[in-house]
Number of protein chains: 4
Amino acid sequence: MVGHGFMGAAHSQAWRVAPRFFDLPLQPELTLLVGRDAGRTAAAASKWGWAETSTDWREAIARDDIDVIDIVTPGATHAEIAVAALQAGKHVLCEKPLANTAEEARAMADAAAAAEANGVRAMVGFTYRRLPATTHARNLVAGGAVGMVRQVRAVYLQDWLVDPDAPLTWRLQQEQAGSGVLGDLAAHAVDLAQYITGHRLTQVSGTLETLVPTRPLAAESPDGAVLGGAPGTGERGPVTVDDVALFTGRFEDGVLGSFEASRMATGRKNALRLEVSGTLGALSFDLEDLNFLEFYDYTAPAVRQGFTRIMVTEPTHPYVSAWWPAGHSLGYEHGFVHQAKDFVEAIAAGTQPSPSFADGLQVQEVLDAVSASAGKSSVWTPVA
Amino acid sequence: MVGHGFMGAAHSQAWRVAPRFFDLPLQPELTLLVGRDAGRTAAAASKWGWAETSTDWREAIARDDIDVIDIVTPGATHAEIAVAALQAGKHVLCEKPLANTAEEARAMADAAAAAEANGVRAMVGFTYRRLPATTHARNLVAGGAVGMVRQVRAVYLQDWLVDPDAPLTWRLQQEQAGSGVLGDLAAHAVDLAQYITGHRLTQVSGTLETLVPTRPLAAESPDGAVLGGAPGTGERGPVTVDDVALFTGRFEDGVLGSFEASRMATGRKNALRLEVSGTLGALSFDLEDLNFLEFYDYTAPAVRQGFTRIMVTEPTHPYVSAWWPAGHSLGYEHGFVHQAKDFVEAIAAGTQPSPSFADGLQVQEVLDAVSASAGKSSVWTPVA
Amino acid sequence: MVGHGFMGAAHSQAWRVAPRFFDLPLQPELTLLVGRDAGRTAAAASKWGWAETSTDWREAIARDDIDVIDIVTPGATHAEIAVAALQAGKHVLCEKPLANTAEEARAMADAAAAAEANGVRAMVGFTYRRLPATTHARNLVAGGAVGMVRQVRAVYLQDWLVDPDAPLTWRLQQEQAGSGVLGDLAAHAVDLAQYITGHRLTQVSGTLETLVPTRPLAAESPDGAVLGGAPGTGERGPVTVDDVALFTGRFEDGVLGSFEASRMATGRKNALRLEVSGTLGALSFDLEDLNFLEFYDYTAPAVRQGFTRIMVTEPTHPYVSAWWPAGHSLGYEHGFVHQAKDFVEAIAAGTQPSPSFADGLQVQEVLDAVSASAGKSSVWTPVA
Amino acid sequence: MVGHGFMGAAHSQAWRVAPRFFDLPLQPELTLLVGRDAGRTAAAASKWGWAETSTDWREAIARDDIDVIDIVTPGATHAEIAVAALQAGKHVLCEKPLANTAEEARAMADAAAAAEANGVRAMVGFTYRRLPATTHARNLVAGGAVGMVRQVRAVYLQDWLVDPDAPLTWRLQQEQAGSGVLGDLAAHAVDLAQYITGHRLTQVSGTLETLVPTRPLAAESPDGAVLGGAPGTGERGPVTVDDVALFTGRFEDGVLGSFEASRMATGRKNALRLEVSGTLGALSFDLEDLNFLEFYDYTAPAVRQGFTRIMVTEPTHPYVSAWWPAGHSLGYEHGFVHQAKDFVEAIAAGTQPSPSFADGLQVQEVLDAVSASAGKSSVWTPVA
């Protein structure tokens with residue numbers, strides 16, 4: 001695994017836990033953890049149970065006893081590592097967004113396509129697809145429960161930038177983060193909307209906004225990246241990414257979508273919300289309430305219609321039978337466990353895991369189209 | 001109408017509004033308002049549109065141009081007025097609880113039975129039965145939607161006595177109010193539970209509790225009753241009624257119920273909540289959200305089961321077609337309008353309106369059994 | 001009152017009820033009801049308590065004993081009636097949207113400005129401002145409870161057009177309705193967002209969409225308008241208005257807004273939802289739950305922060321003290337009662353009621369800018 | 001660890017995960033798993049990562065390299081194992097209920113008290129105390145946020161016995177399970193109510209009910225216990241435990257409580273709900289929504305009062321800083337991880353972990369008092 005921030009903890013937990021609850025055809029081993037700083041990397045490896053450490057990701061790729069490279073670094077570094085790993089015949093699991101630019105993402109998707117011919121697998125980490133409730137939502141749509149989809153509403157609302165004096169971390173710097181909420185939050189909303197509806201966005205009209213243009217310089221980000229400036233002096237630097245992204249999208253087959261991603265949504269901590277309106281029903285999901293899915297059956301008798309709050313913890317729901325009895329909640333990290341399971345199973349079965357790097361590229365192209373539209377007074381812009 | 005407190009406003013509104021939204025077979029006229037204090041009664045009559053006033057309810061009974069007596073005074077006065085009115089051949093609508101004691105209630109029920117032989121009608125005002133959601137709940141149970149009922153949970157929670165220095169009004173004096181939460185709140189819970197399930201309580205085990213035993217003396221209650229003591233001096237008098245009632249009940253056919261009524265439930269303003277658990281489904285209602293009814297269909301496919309939040313505002317729902325388009329909320333007072341409509345229709349049709357005085361008596365007998373049980377260490381006590 | 005559809009019922013109820021619960025300085029009298037069809041008008045007048053009827057609104061304007069003209073007809077007729085009434089010195093209450101075009105609305109606003117010089121008042125009926133929860137929201141924002149407003153999310157979702165075979169009524173014909181969801185639903189969202197935040201929209205980027213382009217011809221709309229075609233034959237005619245409106249808006253002072261209005265939002269019956277995100281707090285309102293307002297206090301201790309679900313039924317909340325004790329719900333129609341009260345009080349006090357025709361015109365200009373933007377690939381378009 | 005049913009999975013996960021997220025002073029090692037059936041035990045050990053297996057718990061106690069005995073077997077076996085382990089100087093973590101009878105529990109508490117003198121620790125597994133939301137609730141009460149506690153409402157509702165043909169497993173046999181919902185569910189409600197309020201129950205009035213008296217015989221329970229009868233023939237055997245427990249309780253200092261435990265609450269999957277009403281505020285928790293705690297601050301300005309839905313996922317909330325960023329949900333199993341952490345820390349620190357066996361005994365005494373009361377027509381019965 002390359003990287004050891006917050007995502008590293010989630011992935012490590014997934015690798016360790018997946019084989020304990022699912023009968024995996026192959027057993028993951030936590031062989032090597034790679035980080036820039038030797039001391040911090042060693043501490044993380046010790047805590048999370050990685051056998052060895054390195055400060056050079058190339059070492060991981062060079063080793064014969066390593067079959068899978070798991071990339072959890074910031075987006076700017078994804079392309080180089082992933083392409084090299086795939087070319088070396090390693091299976092790759094790469095955190096989202098696939099890359100900071102569509103160009104990089106395209107190189108990665110190309111490398112994945114080439115590798116696939118050799119039985120090498122690549123997957124991008126949109127874990128929110130892999131919650132029981134979201135997978136159940138996809139299954140309901142695919143099974144016709146909402147009829148023909150007409151509208152999608154998707155928002156991903158957080159509030160950790162509400163304070164105008166929150167520090168200027170790497171996530172707020174365009175060179176490192178690529179974008180702000182667009183790549184961080186809107187990417188999830190786009191992937192989930194496309195996954196659940198089974199339709200892809202074809203054009204968008206968007207707006208990007210930086211509501212707090214400067215923030216106090218921070219010596220170091222929580223992820224260890226050293227930033228410029230003189231922290232503690234009150235000096236402020238420019239925020240070079242978007243705080244809010246608003247866009248409208250058209251999907252294939254006339255589906256209409258509205259999207260918002262914000263880090264300024266006071267009081268909303270992790271509200272990835274998605275609502276699908278169809279000719280025969282509707283679905284509503286909120287990540288802050290991730291064990292539930294609301295379903296409206298427009299074919300039910302009129303006097304009984306309403307949104308049904310399904311607690312998606314029955315053994316017959318996706319992934320659930322491996323866990324606890326009905327009514328026992330799962331949490332955020334379980335999506336990562338399911339991702340590890342599905343990835344390992346795909347490798348063992350010799351099939352392409354989903355979402356592929358091509359899927360990740362397509363999401364990146366949607367985000368790029370939003371940026372392009374935002375730069376042209378929100379004019380409708382086709383997705384590449 | 002005899003009485004003009006808060007209930008008087010609700011009933012006046014009902015008489016005036018019912019014929020505007022429903023096609024009534026007879027037209028209510030607001031002829032005479034009766035109250036103890038001439039000035040206050042005149043003010044109320046003017047505000048609510050009553051043509052004349054009186055300080056003696058016997059005048060109302062003596063007049064030939066008055067067909068209906070509507071009693072909205074405190075419970076201690078119900079029996080005398082209602083019996084006299086029925087004997088004089090007036091139809092009677094009487095606020096709940098029917099009386100402060102089962103003895104008085106029995107006299108009223110007897111008078112109503114005698115009057116019925118002469119085509120004179122009597123009804124007790126459990127208006128919460130007449131909300132679209134509660135009537136819908138009854139219909140669903142009666143139609144088999146929850147199968148055989150097994151359990152009922154009913155609470156009626158308010159918090160207006162949380163402050164230990166809230167004044168000692170007539171509602172907290174046993175002689176005037178009869179009881180505390182028992183007659184005021186638990187009566188509603190009992191009636192609603194019996195109405196919706198179609199089963200009657202046969203025995204109870206109960207506890208009554210006064211959590212704040214003394215309160216500051218008040219010169220006058222909001223309803224005008226002069227209370228003893230020296231208000232403003234900080235002098236306190238004893239609370240002689242219950243703040244909290246907790247009881248377990250057995251209904252006919254083995255249904256098990258739990259009940260709570262409290263004026264000490266901090267933060268709960270008007271939470272009359274009822275949940276019915278049956279062999280094939282469940283229902284959940286909360287008066288603080290009175291336009292909604294939650295329904296669980298245990299016969300639905302397992303992966304789609306959950307509580308369905310039905311917005312009971314469709315034209316096909318009870319009472320709703322007379323009002324607004326789907327999705328437009330009704331409020332507290334609409335139950336009174338529906339009561340007025342149903343009462344007028346029963347009079348015109350020559351049928352017995354429901355709940356009858358006999359029904360009101362039976363609720364009173366349940367409450368008396370709770371009191372009796374509470375006085376005997378909560379031992380199970382049959383309902384008379 | 002001119003017109004007697006669903007809005008006529010709401011306004012009639014308001015005129016009758018307002019003086020019973022509020023101490024009004026002037027007493028409304030229901031003098032004359034005007035409608036196209038004599039029989040239907042007479043029936044409505046009888047039901048709702050209007051003394052006389054007419055088939056010509058000019059009669060109302062000509063009569064000396066009529067001081068107020070209440071216009072509840074479809075939008076296409078507003079301008080002519082309102083301008084004539086104002087010129088005749090009648091106070092005018094006009095349903096929203098003020099008119100079907102900004103041009104008509106401008107004429108009305110001009111007439112209102114001229115009339116105001118003579119002490120004649122004009123108000124447009126955005127009643128959702130006048131619910132306790134929405135007025136409370138405005139008061140909280142005005143009092144600084146959310147700090148500086150940054151974002152607004154407003155949707156107005158209904159689902160009565162989900163069925164592609166729902167009939168082609170006048171509301172779906174551009175000539176009569178002016179627009180679809182834009183004037184009917186988005187108008188409310190825009191007014192409420194501006195009212196609560198105290199900021200006005202200055203530019204918009206919008207999309208309008210007709211998801212079901214043809215519908216079965218209907219002989220007659222629910223409002224009595226005869227439509228062309230051969231109903232019952234299955235013949236379909238074109239829907240000439242929008243089913244869905246999506247737009248992004250910039251308000252004064254950098255506030256960013258997102259808006260959706262839809263009649264295709266399966267399962268949503270009357271979901272006018274508004275969320276305000278500010279530097280110190282947030283507010284969230286949903287018309288389907290109109291007795292509640294959610295408030296997030298970002299200045300509270302971190303461990304206690306969360307959305308507080310305020311039941312806006314305390315005597316200290318706006319309008320509530322006139323009604324029932326704490327915890328007793330109000331409904332949809334109470335907004336109309338409050339509107340009648342406020343309008344009468346403004347007339348008596350000789351002050352300008354709000355929202356004025358100028359306010360109604362400004363909302364119309366926002367909607368026109370949305371239409372214009374939608375016609376130009378959603379390019380950002382200034383509000384006139 | 002002795003036992004390997006569903007609880008065994010939860011405990012194994014806890015031992016493996018706790019040291020990865022918390023900095024523990026001692027490192028748990030999964031040494032030996034004990035079960036009746038060698039094959040099943042080996043499979044469980046392999047899946048969950050236990051190094052060795054045995055079919056005799058005495059082996060675990062005899063081994064010098066084992067310091068801790070974790071007991072997750074059915075309640076009937078707890079006492080023998082725990083007492084032997086404590087006498088052998090092993091620290092013991094024992095699942096709840098501590099035992100099937102107060103007599104056994106008393107022996108265990110005595111053994112724990114004797115062992116404590118030698119620095120040996122014993123803890124009973126009420127893990128629901130150790131969710132961030134419940135611990136936060138306790139902290140709020142302890143800090144005075146709700147003032148003086150007056151009332152507690154606690155229910156634990158499940159619905160897995162709604163079907164009258166659900167099989168007769170060991171959990172429904174008095175000899176093995178001790179009781180039905182009383183020990184399984186009510187035990188949690190009692191512990192949580194006492195933990196959060198800081199008050200202990202002193203007397204109770206209770207009712208126990210078996211709503212479905214016979215059920216189809218099953219060859220084998222999910223836990224492997226062979227039951228009598230001829231499964232598959234439709235033959236039914238008697239349910240010898242309670243399906244529903246209803247009781248009222250008095251705590252120290254006049255606090256009044258109501259309790260229900262049911263496996264017949266159609267649609268409720270795991271609804272351990274607790275509400276505390278105090279003089280200055282209230283708290284409400286629901287295990288089906290375990291990341292949230294609702295708090296009502298009665299000291300807030302009246303117009304802003306309401307239940308605040310706190311998402312208990314901030315780094316400043318109990319246990320949370322070890323996990324994910326704000327807004328990322330935890331699940332059921334995290335309570336077990338926190339229990340493992342707290343137990344290990346207590347052992348390392350040489351302090352008594354909580355809840356102790358004495359605490360577990362006291363809960364058992366409450367349950368016994370409920371049973372005794374139920375056997376005496378619900379008469380109020382003191383807790384031993």
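**β-α-β unit, chain D**

I began with chain D of this predicted model. I traced β3(D), helix α4 (residues 78-87) and β4(D), and they make a right-handed β-α-β unit. Next I checked how the two strands of that unit pair. Strand β3 covers residues 68-71 of chain D and strand β4 covers residues 91-95. Their pairing is parallel and runs over 4 bridges. I then looked for the partner of D:Ile71. D:Ile71 stands opposite D:Cys94 in β4(D).

**Sheet, chain A**

I turned to chain A and asked in what order the strands of the open sheet lie. The order is β3-β4-β5, with 3 strands and parallel pairing. I noted the edges: β3 (68-71) and β5 (122-125) of chain A each pair on one side only. From one strand to the next, the twist averages 10°. As a reminder to myself, strands of a sheet pair through backbone hydrogen bonds, either parallel or antiparallel.

I looked at one pair in detail. β3(A) pairs with strand β4 (residues 91-95) of chain A in the parallel sense, over 4 bridges. Which residue in β4(A) does A:Ile71 face? I found A:Cys94 opposite A:Ile71.

I followed chain A past β4 and stopped at A:Pro97. This proline sits in the loop between β4 and α5 (102-116) of chain A. Is the peptide bond from A:Lys96 to A:Pro97 cis or trans? I read it as cis, with omega near -10°.

I looked up the bond between C:Lys96 and C:Pro97 in chain C. That peptide bond is cis too, and omega is about -10°. C:Pro97 lies in the loop between β4 (91-95) and α5 (102-116) of chain C.

**Positive phi, chain C**

I stayed in chain C for a backbone check. C:Tyr319 has phi near 70°, a positive value in a residue other than glycine. I placed C:Tyr319 in the loop between β15 (307-311) and α9 (334-349) of chain C.

**Helices α1 and α9, chain A**

I took the helix pair in chain A next. Helix α1 (residues 6-21) and helix α9 (residues 334-349) of chain A cross at roughly 60°, and their axes come within 8 Å. That angle makes α1(A) oblique to α9(A). I logged the crossing of α1(A) past α9(A) as right-handed.

Then I listed the contact. From α1(A) I have A:Met7, A:Ala10, A:His11, A:Ala14, A:Trp15, A:Val17 and A:Ala18. From α9(A) I have A:Phe336, A:Val337, A:Gln339, A:Ala340, A:Lys341, A:Phe343 and A:Val344. How many residues of each class make the contact of α1(A) with α9(A)? I count 11 nonpolar, 2 polar and 1 charged.

**Helices α1 and α9, chain B**

I ran the check on chain B. Helix α1 (residues 6-21) and helix α9 (residues 334-349) of chain B pack at an angle of about 60°, with axes 8 Å apart. α1(B) and α9(B) are therefore oblique to each other. Their crossing is right-handed.

For α1(B), I wrote down B:Met7, B:Ala10, B:His11, B:Ala14, B:Trp15, B:Val17 and B:Ala18. These meet B:Phe336, B:Val337, B:Gln339, B:Ala340, B:Lys341, B:Phe343 and B:Val344 in α9(B). By class, I have 11 nonpolar, 2 polar and 1 charged residues in the contact of α1(B) with α9(B).

Terms used: Residues are numbered from 1 along each chain as its sequence is written. Chains are lettered from A and ligands numbered from 1 in the order in which they are written. This is a predicted model: local features need pLDDT of at least 70, side-chain atom pairs count only at pLDDT 80 or more; totals for chains, interfaces and linings use all residues. Side-chain values use heavy atoms; hydrogens and water are left out. Axes are lines fitted to C-alpha atoms, for helices over the stretch in contact, and angles run from 0 to 180 degrees between N-to-C directions. Angles under 35 degrees count as roughly parallel, over 145 as roughly antiparallel, 65 to 115 as roughly perpendicular and the rest as oblique. A crossing is left-handed if the near helix is turned anticlockwise from the far one by less than a right angle, and right-handed if clockwise. Contact means heavy atoms within 4.5 Å. Ala, Val, Leu, Ile, Met, Phe, Trp, Tyr, Cys and Pro count as nonpolar, Asp, Glu, Lys and Arg as charged, and the others, Gly among them, as polar. Two strands pair if DSSP finds at least two bridges between them. A crossover is right-handed if, with the strands pointing away from the viewer, the path from the first strand over the helix to the second runs clockwise.
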